[in-house]
Each structure stands twice: as structure tokens, then as C-alpha cells.
Amino acid sequence: MKQLFDSGIELVVESDFIYFPLLFDPDIKKEIQTVFYSRKDVGNPDASDSKAVIKLKGKYFVKGFRLDSLVNNYEAINPNSYQRLKNECLRHYHLTREIDGVLLDGTLRTILFQVMPHFIKKSKDLNRKTLSDEAILDLIGKKTNIPESYYQEARTFSDIAPLKKILKNIENQTPVLDLPGSGMMSGHKLRDWLRNAVHVKVLSDEYDRITKSLKMREQFSRMKPEHIATLLYIADTGFLEIDGFGFIRKNAYRNEYYVYKRSGDYILKDYYGRSYLFPNCRVTVSTYMPFRPFVMEKYKHPFLLKYKSGQEICIKNFNPPDEPTDKCIINTLEEGLTALQYGYDPRKRNGYHSLDKLWIHIPTIDFEDYII
Amino acid sequence: MPDTDLKKELQLDEAEKLLPLVLEIIPGHAAEGLIDIYEPGSYAAKSLRKLCEKTLNKKNLSIEEQLIVEDIKRQLDGGKLLSRGQEIEGTALEYAVSEQTEAGEKYLYVPIRAIKPQEGGGISD
């Protein structure tokens, strides 16, 4: 069927049925003549009453299937194509779970509007003020290169009229599936109709989610398009970094994020006063348990057991919070950064490893390559 | 300025020493802190620590500034004031760098971090 629709050959729609071109050979010719002579309307073969074979513009077409049954059963007939069309439809109306989830996600809102302002420079002037959510979105827009396509999407996103219409049709139980008019049409045209029809079916099946989305969109429609573009960009990429502070979406389904702050290069001194230059790293906390600071990249430090990525920073008397509130995320990142940059005591040689080599042989991590 | 510049002598010419001084005390690893501006001649003879105390005891703070001061005091409960990676001592001029506003007005800037030490290396609870 897909090949037929893609081929561009002429098909016929008649009484909500699709008719395919009839292959023609002497045997089929005989059969057709039998069919037509058996009908009452033998003198008018073009008149159709949902017959098995019809003749149009001198060509014969054989009855296929009902168009609405094709749409209703398309998921079973062609699962891959249905899934592709479904995804396309949900993306078109910004109804993908990622976008809905992210825009309503409380964790992301906490990170964006409560945690991030603590770690980024908000203005160049000397006044200190708390920024509104809108001002934070303006700041993100200024400091992030958001592709133009997101601004275009934002305009579609804020236009809630098409969604409202679909929802109203579903609520009124009026047929939302417009069948094509009778007559001859190309396979391409029918393919486009099928695409739209599947979209309508998907939206009908997703009634609950559309209702929820519509409520959310109504709130967002009051926002500036630039702000919606920023949120769509974050929803899509699941990533943002400004002034060394950033976050990465770890798991969209559970709305989990890695929130991090870059340490920048810093110096530690050993027992003999020698300086060691430690490279920049991302001190990170997950918004899903455990809420302990760790270093994202492969890294070595007296407070990290090994030389590898994802190691928890060993901190004394640190009580991890129970839930990832803004204060807890800020505090955990601060504790981790402070430990790395200011926690090593060269006299005590605290930590898993000593910066300088000890007289007694203890297998440990070597920091000699960091000496400056 | 990264802490790697700790050893670098901060070179200011005589004219720059007559600029106003902007002192910023930043709680922990925050991006912004409490700002205080000292006119030329009002800070040169005072130690940086004294200037910090004066700044922290400022009255008529906005709500935002009061929150920053609370954060700073929380850090200073057992913590210390650090500038360019080391505990502050001496005068502000020893830590100052010359900067300018967007309008092109020059000033001396001293960033100071209030850091509560976090000793690492123990097994966390």
C-alpha cells in the first residue's frame, strides 16, 4: 500500500472506499464484463454504489478498503509508519512528553530560577537585586546562542487555537476525520490525507494530555515568544551552561538533572610549600539520590579515591540533604567546591592521598605532573 | 581573576592609586556579593580587613544586600576572608586590579570571598 501511495499513480475514492487500478488481461476483461452485465445500471457503469469494480475516465478500478478503517487500524497495519506519524504529530503540536514534562517540571524550575541566579553574574553594574523569572529568561537568552528555529517554534507553540479546535471537536464528538471527496486522486494526495488523518486520530487518543497541555499553553501564551524559545531550547537539549554553572538532563522520564559548577583552575600547596596547579573540573550534584557532590570528569585530587570520572568528593561531617531544594543544591555544590579548593591541609595531609610523596611507601595517586 | 594569579604582583601606577575602590565581599562560591565603594584617600591607610568589617557593618542595606550579608556571616562562622586564594592581610591596594564601568569610568576592584572551610578526606556520614 505504501508503494502505491508513494508511486503517484491515480487512485479513486468512492463512497469512503479506496479503489485501486485494476490490472488488465483477457481473463480479467471477461470477469469485468460479467460484473457489469449483472448490474442493473449496466448502461451507466460510471454510476457507483460502492461496487467491486468501477470505471472512471475509461479506466477500471477495483474496490480496496474503507478509508476510516485504514486510519483506525493503521497502528496494526504499519506500526513503524504509525509511530513515525504519531511522533511527527506530537512534535508538531509540541506535545512530546519531554517538552510537556520539562516545561512543567518543578526540578528544572528550581534549577533555573533559584539555583542558577546564585552562581551567575546578573549584571555588570554594582547594584545587587533579585531577578524575576522573566529577567532570568532574558539573561539566559542574552548569554546563550539559541538557534533561530526555536523562535519560530515558539510562535507555533504560543498559538493555541489549533489545539483548542481539535479539543472542542473531540468534546462535541463531531467527526474530526474529514474524508476526502469522491473522485480520482493521486497516490501522493491520498498519502498526505492519510498523514493528516493519523494526526487527528493521535490527537483524539491523546485527549487527556491535550487538555493538560492546553491549560499549560494558556499560561505560557502570556509569555514573551523569546522566553518560550529559551524554554523550548532547554526542553529540547536538556542542557545549559552560563558562567561555569550548568546542568545536564540525566533522565527525562524522572526529571533528573546533573547540576554543576566549574571550579576553574586553582592551586594547592604541599607540605614543602610547592604549588600544584589543578585543572578546571565540574563539581556536580544529582537531583536524584544521593545528594552528594562529585566530580563529573576523570580527575585526581587528595579527596578523590581514584583517578577516574564520577567520583564522590570525600568530605568530613557532610550530611546530605533529603530532597533537592534550591538551598540544598547550592549548599552541596558549595561544599564540594570549597573542599576541593580550600579543604586540603598540607600539614595534616588530609584526604586519601598526600600531594607530596611520603617517606613510607603507600601506593597512592601521583600529583607531580601538577607542580608549577 | 583565577587563583593561579596568587603569586603575581599586582602592578598599579600612581594615578591608579587615586581611583575609587570597589570592594566586593562574596559569600562562598556565589557570583555576586556585597559591594561597597570607597572614595580615593579614604582607604589607602586602612587595612583590607578593617575595610571588610566596615562594609559588613553597613546600615541601610536593601533586602537583597541583607540576604547577602546573612550568607557572608554564615560562611564566616568558623570561616575566613580570602582574596586571590589567600587569607587577606595588608592593604586593599595589594589586592586591587584596575577595571572600568561600561561608561568607561575607571576604579580599583578587590574581590573577597567569605569561605567556610570544608575539611575533606574523612569518610562522610
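How many residues does the contact take from chain B and from chain A? It takes 27 residues from chain B and 37 residues from chain A, two residues being in contact if their C-beta atoms, placed from the backbone, lie within 7 Å. The model is predicted, so that local features need pLDDT of at least 70 and side-chain atom pairs count only at pLDDT 80 or more, while totals for chains, interfaces and linings use all residues. Residues are numbered from 1 along each chain as its sequence is written, and chains are lettered from A and ligands numbered from 1 in the order in which they are written.

**View 1. The side of chain B that touches chain A.** Helix 2 of chain B (residues 63-76) gives the most to this side, with 3 residues. Helices (H or I, at least four residues) and strands (E, at least two) are DSSP runs, numbered from the N terminus. By class, this side of chain B has 10 nonpolar, 9 polar and 8 charged residues. Ala, Val, Leu, Ile, Met, Phe, Trp, Tyr, Cys and Pro count as nonpolar, Asp, Glu, Lys and Arg as charged, and the others, Gly among them, as polar.

**View 2. Helix 8 and helix 13 of chain A.** The axes of helix 8 (residues 133-143) and helix 13 (residues 225-237) of chain A come within 9 Å and cross at roughly 70 degrees. Axes are lines fitted to C-alpha atoms, for helices over the stretch in contact, and angles run from 0 to 180 degrees between N-to-C directions. Helix 8 and helix 13 of chain A are therefore roughly perpendicular to each other; angles under 35 degrees count as roughly parallel, over 145 as roughly antiparallel, 65 to 115 as roughly perpendicular and the rest as oblique. Helix 8 contributes Glu134(A), Leu137(A), Ile140(A) and Gly141(A) to the contact, and helix 13 contributes Glu226(A), His227(A) and Thr230(A). By class, this contact of helix 8 with helix 13 of chain A has 2 nonpolar, 3 polar and 2 charged residues.

**View 3. Helix 7 and helix 14 of chain A.** Helix 7 (residues 106-119) and helix 14 (residues 326-342) of chain A pack at an angle of about 40 degrees, with their axes 9 Å apart. The two helices are therefore oblique to each other. Thr110(A), Gln114(A), Val115(A) and His118(A) of helix 7 meet Asp326(A), Ile329(A) and Ile330(A) of helix 14 in this contact.

**View 4. The open sheet of chain A.** In chain A, 5 strands form an open sheet in the order 3-4-2-1-5, with antiparallel pairing; two strands pair if DSSP finds at least two bridges between them. Strand 3 (53-56) and strand 5 (183-186) of chain A are the edge strands, each pairing on one side only. The twist averages 40 degrees from one strand to the next. Strand 1 (residues 10-14) and strand 5 of chain A pair over 4 bridges, and Val12(A) has Met184(A) in strand 5 as its bridge partner. Helix 11 (residues 187-205) of chain A packs on the sheet, touching strand 1 and strand 5, and its direction makes about 85 degrees with that of strand 5.

**View 5. The hairpin of strand 1 and strand 2 of chain B.** Strand 1 (residues 21-27) and strand 2 of chain B run antiparallel and are joined by 5 bridges, with Leu21(B) opposite Tyr38(B) in strand 2. The hairpin has 6 residues between the strands, and Gly28(B) takes a positive phi near 55 degrees.
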